[in-house]
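Try each task on your own before reading its solution.

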Amino acid sequence: MATNIELRQLRYFVTVAEELHFGRAARRLHMTQPPLSQTILALEDMLGAPLFDRNRRGVALTPAGEALLPEARRLLAQAGELPGLVKRAAAGEMGKLSLAFVSSADYSVLPPSLRAYRAAFPHVQITLQEATSDRQMDELLHGRIDAGLLIPPLTDKAKAELDYLPVLSEPLILASPANLPELRGKHDASLRTLPPLPLIIFPRAIAPGLYDAILAVFRAAGMTPVIGQEAIQMQTIVSLVSAGMGIALVPQSVSNLRRPGVEYRPLAQTTPLVETGLAWRRDSISPVLKGFLDLMRKRL
């Protein structure tokens, strides 16, 4: 059957087709003519059609041989590429990388990391998805993504099965509606001097580390905020601030997200640092993921 065709048979066939002479083809293949002829006859028998017209004037391809020649060349070329393909895959230069990220990473570590990785590994297919930290941990634990840029802390189950690399620490800053009289002309902001606007914040269930850091700033100022809205995406929080729905404390890098009607200011008081890190399954490091981890470590 055709499924039993060997690459050796195709290579012999292509050589005879290019030389149109069994003797010259045999010399080119560094073999004698009888085994070459027997191999071609066996291939013809396997395919159920003659590939060459043989007569006293020489050798010519039959229509079946003409049809087979480009396909045989294609298969031989593909087979020749296999060793290099395997080596590149083993080195992490080919394959797929699935990466999740919290929305704040989109304004800080994600874009430069992706640019650097794409430049180093242009043939790796990257799949991205925005997801909250709690969802990322679930996706990682079930093996549905390779790595995730998230905000700690990790759950106890995640700590048992995931490795974690801190990649960024940054202070919290104020995002407020533009042109608040209390902030006009000021470089930084004190929570005590702000008007009594509600706080827009992440639900604690999806980002306990960020939620607790924000409330710690208010506690340090001797204040208890009134939470007006909760939102799971940084873009939504900033958009709600833009609409005048309240204020928000956001990681410093979020100031790269520009919205009309929003002003960003550093806080007068020292704030807890918000950490973003990379998590991945401890027992599942593919060559592609290893390449990404090595790159992230070099960038620290």
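The exercises below go from the whole chain to single residues.

This is a predicted model, in which local features need pLDDT of at least 70, side-chain atom pairs count only at pLDDT 80 or more, and totals for chains, interfaces and linings use all residues. Residues are numbered from 1 along each chain as its sequence is written, and side-chain values use heavy atoms, with hydrogens and water left out.

**Exercise 1. Describe the overall form of the chain.**

Step 1. Start with the secondary structure: the chain has 10 helices and 12 strands. Both are DSSP runs numbered from the N terminus, with helices being H or I of at least four residues and strands E of at least two.

Step 2. Now turn to the spread. The radius of gyration is 32 Å, well over the 19 Å that the globule rule gives for 300 residues, so the chain is more spread out than a compact globule. The radius is taken over C-alpha atoms, and the rule is 2.2 Å times the number of residues to the power 0.38.

Step 3. Check this against the principal axes, along which the C-alpha trace spans about 105 × 40 × 30 Å.

**Exercise 2. Find the nonpolar cores.**

Step 1. Recall the term: a nonpolar core is a set of buried Ala, Val, Leu, Ile, Met, Phe, Trp, Tyr and Cys residues joined through side-chain atoms within 4.5 Å. Buried means under 20% relative accessible area, exposed over 50%, and partly exposed in between (1.4 Å probe, protein chains only).

Step 2. The largest core holds 75 residues, and Tyr117, Leu149, Leu210, Tyr264 and Leu278 touch the most other members. Helix 8 (residues 208–220) gives the most to this core, with 7 residues.

Step 3. A second, separate core has 20 residues, among them Phe13, Ala17, Ala26 and Leu43.

**Exercise 3. Is Arg265 buried or exposed, and what does its side chain reach?**

Step 1. Locate Arg265 in strand 11 (residues 262–266). Arg265 is buried, at a relative accessible area of 10%.

Step 2. Follow the side chain of Arg265 to the backbone oxygen of Leu183 at 3.0 Å, and to that of Lys186 at 2.8 Å. Each is a polar contact (a pair of N or O atoms within 3.5 Å; within protein, one must be able to donate a hydrogen and the other to accept it, and residues adjacent in sequence count only if both atoms are side-chain atoms).

Step 3. Move on to Ser176 in strand 7 (residues 172–177), which is buried with a relative accessible area of 1%. Setting aside neighbours within four places in sequence, Ser176 is in contact (heavy atoms within 4.5 Å) with residues including Leu183, Val241 and Arg265.

**Exercise 4. Which backbone details stand out in the loops?**

Step 1. Look for a cis peptide bond: one joins Pro152 and Pro153, with omega about 15 degrees. Pro153 is in the loop between strand 5 (147–150) and helix 7 (156–161).

Step 2. Asn179 has phi near 65 degrees and lies in the loop between strand 7 and strand 8 (199–201). At 56% relative accessibility, Asn179 counts as exposed.
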